[in-house]
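Dear colleague,

Please read them with the model open beside you.

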Amino acid sequence: MKSLGVWLLLLVSFLFIHSPLQTPTHWQLIQHKNILTYGTRTSLLSYFEVGDDIVGYEYKMLKEFCKQHNIELNTIVFKNNGQLLNALHNGAIDVAGGHLSITQERAKSFTFTEPISQTAINLVTHYDYRRLNSINQFQPLVGQLIANSSYEEMSKNLEDFKPSNISSTAKDSMFELFRKINKKEIDYTFADSEIIDIYQHFIPGIYQPIQLSEQEDIAFLLPKNRSEDLIDHLNKFIQSAKATGKVTKYKNELLTHLPQIDIADTVTFFDKLQTEWPKISELVMEVAYELEFDPSLLSAISYQESHWDPDAVSISGVKGLMMLTESTAEEMDVLDRTDPRESLIGGVKYIRMMQAKFPDRISSTNRLLFALAAYNVGFGHVEDARILAQRAGKNPDIWLDVEPYLEKLNNPAIAHELKYGIADGKTAVIYVNNIMTYKQLMTWKIQKERLFHYKPNIL
């Protein structure tokens with residue numbers, strides 16, 4: 001039987017929460033639930049899943065805030081700003097983020113924290129119009145803006161800007177609008193300079209010739225009613241995080257997750273993402289689920305191998321989505337290399353077999369990179385490169401230490417040092433780096449479409 005003291009405590013808590021004379025504040029309710037619910041959209045700046053990690057400086061800040069107050073952070077990802085703000089208005093979430101700027105329209109319904117960052121709204125266009133320097137020159141061109149955004153609000157308030165062919169979208173993300181510009185399906189959009197600077201790392205052919213606004217504050221949004229104490233706590237944390245450099249630290253961490261496009265052909269990739277990926281996506285998801293394999297990695301390898309063409313055949317005789325050799329297919333029990341399902345399953349089996357050949361002491365990330373290189377150039381040649389690295393005083397268990405020695409395998413002058421002879425190690429390095437670039441892009445694509453909810457145990 002519970003003690004009288006416990007029953008009294010429960011009674012007091014009940015009366016505190018339900019008494020009409022003492023309605024709890026927003027912060028008190030959060031403390032009672034022991035959960036702060038954060039709503040956002042998928043964005044590299046706010047919330048983005050990369051393998052088992054989550055990036056986005058907004059998420060990192062709120063995670064640290066919750067840790068300091070010994071409460072849990074629950075994140076809900078919304079498809080568009082309309083759904084996000086409706087959820088905040090209806091009390092389904094406590095805090096809204098997603099790189100939201102402080103605007104007069106939003107201030108009518110919500111309240112804001114201290115600014116967490118600053119950005120300007122710029123016009124984004126493609127190569128053909130990169131030299132236009134007046135907003136009026138874009139009036140007859142094809143534009144598209146994110147619905148329920150500060151960009152849409154700005155477009156209505158720009159003096160003398162009367163576009164004849166502009167629309168709003170609640171379906172497309174900023175990433176997808178930039179891709180449309182890259183493909184010249186639309187001519188322009190509006191976006192935050194901070195977001196453009198990030199996406200320019202891996203979407204070529206987008207330009208920001210015109211700054212449309214002064215620097216604007218980015219902040220978290222909260223309900224207007226009874227949120228004063230929650231705002232006070234958040235503001236104190238934000239002020240401290242900015243003063244101690246934590247916000248800058250979280251932003252810099254993001255840069256380590258950006259794809260490198262100096263080698264990978266992302267223009268062709270985005271074309272195939274639109275034309276070929278929809279034909280094969282469900283099968284890739286299905287096989288990845290069945291084999292507990294990372295779907296973004298499987299989609300990236302199959303793209304690198306065949307550009308998602310099940311009937312692909314190379315001059316060397318490799319075939320199918322995963323471009324298996326006849327001997328590899330036989331070893332992996334693949335009867336028909338041009339059968340997409342068999343090819344995907346065979347490819348996963350072969351990657352895992354390569355991973356298993358490397359010592360267990362090697363970290364899972366490095367073992368994956370070595371396995372990908374072995375998939376391309378052969379296990380023996382990767383071992384030769386590891387031996388060369390070790391002889392040079394490098395760590396043979398770290399990919400970045402071994403990578404330069406893979407490239408040396410092309411040099412006939414060192415053939416006598418190699419157990420397995422010369423090989424095209426340079427191509428193997430490009431192969432691995434391309435796959436990791438495409439994997440990051442596919443991580444975003446799959447996460448955005450919410451096609452896959454299983455979290456595999458491997459990279």
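This is a predicted model: local features need pLDDT of at least 70, side-chain atom pairs count only at pLDDT 80 or more; totals for chains, interfaces and linings use all residues.

Helices here are DSSP runs of H or I of at least four residues, and strands are runs of E of at least two, both numbered from the N terminus.

Residues are numbered from 1 along each chain as its sequence is written, and side-chain values use heavy atoms, with hydrogens and water left out.

Helix α9 (residues 228-243) packs against helix α3 (residues 57-68) at an angle of about 115 degrees, and the axes are 11 Å apart; axes are lines fitted to C-alpha atoms over the stretch in contact, and angles run from 0 to 180 degrees between N-to-C directions. On the α3 side, the contact (heavy atoms within 4.5 Å) is made by Met61, Leu62, Glu64, Phe65 and Gln68, and on the α9 side by His233, Leu234, Phe237, Ile238 and Ala241. Among the buried residues of α9 (under 20% relative accessible area, with a 1.4 Å probe and protein chains only) are Leu234, Phe237, Ile238 and Ala241, and also Asp229 and Asn235. After α9 comes Gly245, which has a positive phi, near 85 degrees.

**Two side chains elsewhere**

Arg386 lies in helix α17 (residues 379-391) and is buried, with a relative accessible area of 6%. Its side chain makes a polar contact with the side chain of Asp397 at 2.7 Å, a polar contact being a pair of N or O atoms within 3.5 Å, of which one must be able to donate a hydrogen and the other to accept it, and residues adjacent in sequence counting only if both atoms are side-chain atoms. Not counting residues up to four places away in sequence, Arg386 also touches other residues, including Phe358, Arg361, Phe370 and Val402.

His416, by contrast, is exposed (over 50%), with a relative accessible area of 66%, and lies in the loop between α18 (399-407) and α19 (425-449). A polar atom of the His416 side chain lies 3.3 Å from the backbone oxygen of Ala413.

**The whole chain**

The protein has 19 helices and 14 strands, and of its 459 residues 52% count as buried.
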